[in-house]
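Visitor: I would like to learn how to read a model like this one. Where do we begin?

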Amino acid sequence: MGKANQVWAGILAVSIYLSAVHIAVAAPVVLLDETFGDDPILQLRASVVDDRAPDSRFSHSAQDGSLTTFYHSGLPTTKLRWPLPRTLHEHDSFSMMVSYKIVNDIHYAADNTGGLSQISFGLENSMTTGSNRTGSLDSGYASDTYDLISLDYFPTNHPDFDTVTLTPTVIASQGLNSQDAFHGFFAPFGSESVITEPREVGILDLDTTYTVTMDHDGSTGQVTVTLSDPAGPVVINQRGLSGVIGGGDGDIFTIQHDLQAEFSVDVFSLLLWADGFDTQFSNAGAHSLIANVAFKHIKVALVPEPASLGLAIGLAIILLYNRAGRQQKTCV
């Protein structure tokens, strides 16, 4: 083999090696993986924030490995938080996966209440995300839930609003003096998030385990949601944005939203919001949402950007190519 061929063989070998390193390093970095094999509260993996109900709204079952959470729109806001090992920002790519079922029991009240409350969970900031998600007439509509990335399932039908919906919601970072979280509110509205149009999944079945994923692309700001039941992916966007089948990406199994918002999140939380307008929008003064939700698995992962590793491969090839050129000149 000639000198030039040997050099190019070396370049190829280095490229293959670096590509292999790239694949290994670019694998998602798991930040949270909760399977509820034991009680995360008793084991101090998670902590409760402002649980002021007479009985705890979080109940672990060792028998089936789940944590049942009592959502009630008329009770004060409470949260269950898991700290992340690093803070995530708008330029990070990450994925959130949650498996859960809405329990069919005597407490359940949502489908026909006409209210506007949601089953909610996601990423927030342990310092800047407050507890007043909706505002109220008494507070002058003021709200304080900044730095929030949540998945919100609204199970109630309301004559004046787009429900039932599965909505990725982002509330951006804001100044210290802000009293209006909705000033930085981002979410897909209309047909992109409604899931009750023809051929779509509709109101989620009770006692059925669903797995929802929400992916954030740090390079584009795009948020993508998918939903699966035990049989596989379900249709959530037959009629998407502007009435187009599948929405912007043409995929009937995804709900998407493009956002340009700054945020800083450092915990994953089950978010049991109080509804400041709980009985004002519902039928006959009913609470708009009461539901026990059993969570089976929560996972949050960071998806490393490939750009820096691709650049390293390119630079290595250029350096080897230049060395090969110098060696050839020396031989001449």
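Guide: With a term. A nonpolar core is a set of buried Ala, Val, Leu, Ile, Met, Phe, Trp, Tyr and Cys residues joined through side-chain atoms within 4.5 Å. Buried means under 20% relative accessible area, exposed means over 50%, and partly exposed lies in between, with a 1.4 Å probe and protein chains only.

Visitor: How many residues does the largest nonpolar core have here?

Guide: It has 53 residues. F121, L123, F268 and L270 have the most contacts inside it. Strand 16, residues 290–303, gives the most to this core, with six residues. In soluble globular proteins, nonpolar side chains tend to be buried together.

Visitor: What should I know about the model and its values?

Guide: This is a predicted model; local features need pLDDT of at least 70, side-chain atom pairs count only at pLDDT 80 or more, and totals for chains, interfaces and linings use all residues. Residues are numbered from 1 along each chain as its sequence is written, and side-chain values use heavy atoms, leaving out hydrogens and water.

Visitor: Which secondary structure does the chain have?

Guide: Helices (H or I, at least four residues) and strands (E, at least two) are DSSP runs, numbered from the N terminus. The chain has two helices and 16 strands. Of its 332 residues, 47% count as buried.

Visitor: How do I read the contacts in the chain?

Guide: Contact means heavy atoms within 4.5 Å. Take contacts with a separation of 6 or more: residues 24 or more positions apart account for 74% of them.

Visitor: What does T213 touch?

Guide: Leaving aside residues up to four places away in sequence, T213 touches M96, M97, T224, V225 and T226. T213 sits in strand 11 and is buried, at 18% relative accessibility. A polar contact is a pair of N or O atoms within 3.5 Å; within protein, one must be able to donate a hydrogen and the other to accept it, and residues adjacent in sequence count only if both atoms are side-chain atoms. The side chains of T213 and T226 form one of 2.3 Å.

Visitor: Now backbone angles. What is the phi of D147?

Guide: It is positive, about 55°, although D147 is not a glycine. D147 lies in the loop between strand 7 (119–124) and strand 8 (148–154). Its relative accessible area is 4%, so D147 is buried.

Visitor: And D207: buried, partly exposed or exposed?

Guide: D207 counts as partly exposed, at 43% relative accessibility. Its phi is also positive, near 60°, and D207 is not a glycine. Look for D207 in the loop between strand 10 (185–186) and strand 11 (210–217).
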